[in-house]
Amino acid sequence: MKQQTIDRIRKFTEDRDWDQFHSPANLAKSIVIEAAELLECFQWSDEEYDLQHIKEELADVMVYSQNLLDKLGLDADEIINMKMSQNEAKYPVDKAKGSAVKYDQL
């Protein structure tokens, strides 16, 4: 996410004095709730969906995720790269390519 966007999210929260409501647990709950709303976009069809509604729900997930990163003092790039390294080790290309099975089934 661009720094300008991150700053806009932070200003939105600060201007409204909402940080007081942003405990890690509340933010994690909000991420799950918004992710469920994103999934609802595909409830009745995998192929027919409202792209604008998907964008809105996905943005909500990302905003709450940035809020949680801030609350915990985490850097998105750092934790994503940490997790990608773990995933690359669990899912080596030669075993996982073209397969949807879990790492312990490879």
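Mentor: A charge is taken to sit over a ring if NZ of Lys or CZ of Arg is within 6 Å of the ring centre and within 35 degrees of the ring normal. In this predicted model, Lys90 meets that description, lying over the face of Tyr103 at 4.4 Å from the ring centre.

Rings also pair with one another. A pair of aromatic rings is described by the distance of the centres and the angle of the planes. Across the whole structure, three aromatic pairs are found. One of them joins Phe12 and Trp18, with 5.4 Å from centre to centre and 80° between the planes, an edge-to-face arrangement. Phe12 is partly exposed, because its relative accessible area is 40%. Trp18, at 36% relative accessibility, likewise counts as partly exposed.

The helices come next. The axes of helix H1 (residues 3-15) and H3 approach within 10 Å and cross at roughly 80°, so H1 is roughly perpendicular to H3. From H1, the contact draws on Ile6, Ile9, Arg10 and Thr13, and from H3 on Val63, Gln66, Asn67 and Asp70. Sorted by class, this contact of H1 with H3 comprises three nonpolar, three polar and two charged residues.

Gly73 and Ala36 are 37 residues apart along the chain, and 26 Å separates their C-alpha atoms.

Methods: Residues numbered from 1 in each chain as written. Predicted model: local features only at pLDDT ≥ 70, side-chain atom pairs only at ≥ 80, totals over all residues. Heavy atoms only, no water. Phe/Tyr/Trp six-rings, centres within 6.5 Å; stacked < 30°, edge-to-face > 60°. Buried < 20%, exposed > 50% of the residue type's maximum accessible area, 1.4 Å probe, protein only. Axes fitted to C-alpha atoms, helices over the stretch in contact; angles between N-to-C directions. Helix = DSSP H or I, 4+ residues; strand = E, 2+ residues; numbered from the N terminus. Parallel < 35°, antiparallel > 145°, perpendicular 65-115°, else oblique. Contact = heavy atoms within 4.5 Å. Nonpolar A, V, L, I, M, F, W, Y, C, P; charged D, E, K, R; others polar.
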